[in-house]
Amino acid sequence: MAAGAVAGGAGAVAGGAELTVVVLSPTDPMTRGQLRRMADLARDEGYRVRWEEARGGTTAPFHTIGGLAGSLRRADRIVMGDPFSRYVQLLLTITRARELVVVDDGTATMEFVAQLARGERLVRWHRKGGRPGARDLLFAPVSSSARRRLTPSDRRRVEVFSSMPVTEIPDGVTVTANDFAWTRARFGPPRITQSADLVGTSLVETGVVDGDRYLEAVRNLAKAHGATRYFAHRRESAEKLHRLAVETGLEIVRPDLPLELIARRGPIGRTILSFPSTVVHTLPLALAGTGVRVAVCDIDPTWLTDTASPRAQGFLSGVTGTARDVHRLAAVSPA
């Protein structure tokens, strides 16, 4: 086995038969909190966890990279959670591992595999179409090096472990499906309530969807389906969530664990409403056999901001269209 590293999340670094989970801690409080809880779960499962304050000041990256360099060079296998992360890409330039594994159940996985297949530079989908900034140009050599390392060769095996559907699979890349078997075995089954729950998204924070249009859509969706709780995405702003609570009457829940685990622990609504996001792919797997219905509401093109990527609508439609075992709802209209 081996070890790996993940920016903004957890990764693994290993030598011999040992596995070390490395957390490159982000600055966002909600994400840090979730990672703390997940780190505790990893320890409970018998794994060694190394928490790195990788963004804790100007000298933190040097300490983190210096401290991990030896393990990264010795590792035979590296597991990473975010290949778009500049931090992860920088760490990839250090390793000589013969096996690289990307473990990610986010929508970005779909774009990562497609970009790798087309030989394109690695750019998050909501930024694609814009002109590269000064930092992008400065970091371009590192990003190019990371892309080459993530391309399979006679000396290196590349695997993607994900619940997300991928269509353009690069030659030599192994794709393994995550069916959430561990989650189902470890948690639940949950108690099911008669009401509906609504899952939030950070599309406003990433500049894709207009904030006023989003609030209106949430209000109408909750009213139409009798939703009482709103599970916030970890990157949603406190200001937006306060406004949602005041103007919709929804109970705002900020989960301290990923929603798949929260849902399995319960209680959870009989219907879960979502906009296009990761959960329309993961929740049906995590909640298989419980009778919970997952329903997705498409993003109306009129909700998009003027600065949204030209690819935004097509990408979000693809997220919905490729989801299995979900009910599709028409985009909600103004009351």
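## A loop residue with positive phi

In this predicted model, Phe180 sits in the loop that runs between strand 8 (173-177) and helix 6. Although Phe180 is not a glycine, its phi is positive, at about 60 degrees, and with a relative accessibility of 7% the residue counts as buried. Most residues other than glycine have a negative phi, and most peptide bonds are trans.

Asp325 also has a positive phi of about 60 degrees without being a glycine, and its place is in the loop between helix 11 and strand 14 (327-329). Asp325 is exposed, with a relative accessible area of 68%, whereas Phe180 is buried.

## The chain as a whole

The protein chain contains 11 helices and 14 strands, and 52% of its 335 residues count as buried. Among the contacts in the chain with a separation of 6 or more, 65% are between residues 24 or more positions apart.

The largest nonpolar core has 29 residues, of which Met80, Leu91, Phe112 and Leu150 touch the most other members. At least two residues of this core come from each of several elements, including strand 3 (20-24), helix 2 (60-74), strand 5 (77-80), helix 4 (108-118) and strand 7 (157-162). Another core, of 28 residues, lies apart from it, and Leu203, Val208, Ala222 and Leu241 are among its members.

## Helix 7 against helix 8

The axes of helix 7 (residues 211-225) and helix 8 (residues 238-248) come within 10 Å and cross at roughly 40 degrees, and the two helices are therefore oblique to each other. Their crossing is right-handed. On the side of helix 7, the residues that meet helix 8 are Asp212, Tyr214, Leu215, Val218 and Arg219, and they face Lys240, Arg243, Leu244, Glu247 and Thr248 in helix 8. Sorted by class, this contact has four nonpolar, one polar and five charged residues.

Helix 10 (residues 279-286) is mostly covered, with seven of its eight residues buried, namely Val279, Val280, His281, Thr282, Leu283, Pro284 and Ala286. The elements that cover these buried residues include helix 6 (181-186), strand 9 (192-199), helix 9 (259-265), strand 12, strand 13 (293-297) and helix 11 (312-321).

Ser274 belongs to strand 12 (residues 268-274) and counts as buried, at 1% relative accessibility. Not counting residues up to four places away in sequence, Ser274 touches Val199, Val279, Val280, Ala295, Val296 and Cys297. The C-alpha atoms of Ser274 and Leu221 are separated by 9.5 Å, while the two residues are 53 residues apart along the chain.

## Prolines in loops

The bond joining Gly188 and Pro189 is cis, with omega about 5 degrees, and Pro189 is placed in the loop between helix 6 and strand 9. The bond from Gly266 to Pro267 is likewise cis, with omega near -5 degrees, and Pro267 is found in the loop between helix 9 and strand 12.

Pro26 lies in the loop between strand 3 and helix 1 (29-44), where it is buried, with a relative accessible area of 11%. Its C-alpha atom is separated by 7.7 Å from that of Glu53, a residue 27 residues apart from Pro26 along the chain.

Terms used: Residues are numbered from 1 along each chain as its sequence is written. This is a predicted model: local features need pLDDT of at least 70, side-chain atom pairs count only at pLDDT 80 or more; totals for chains, interfaces and linings use all residues. Side-chain values use heavy atoms; hydrogens and water are left out. A nonpolar core is a set of buried Ala, Val, Leu, Ile, Met, Phe, Trp, Tyr and Cys residues joined through side-chain atoms within 4.5 Å. Buried means under 20% relative accessible area, exposed over 50%, partly exposed in between (1.4 Å probe, protein chains only). Helices (H or I, at least four residues) and strands (E, at least two) are DSSP runs, numbered from the N terminus. Axes are lines fitted to C-alpha atoms, for helices over the stretch in contact, and angles run from 0 to 180 degrees between N-to-C directions. Angles under 35 degrees count as roughly parallel, over 145 as roughly antiparallel, 65 to 115 as roughly perpendicular and the rest as oblique. A crossing is left-handed if the near helix is turned anticlockwise from the far one by less than a right angle, and right-handed if clockwise. Contact means heavy atoms within 4.5 Å. Ala, Val, Leu, Ile, Met, Phe, Trp, Tyr, Cys and Pro count as nonpolar, Asp, Glu, Lys and Arg as charged, and the others, Gly among them, as polar.
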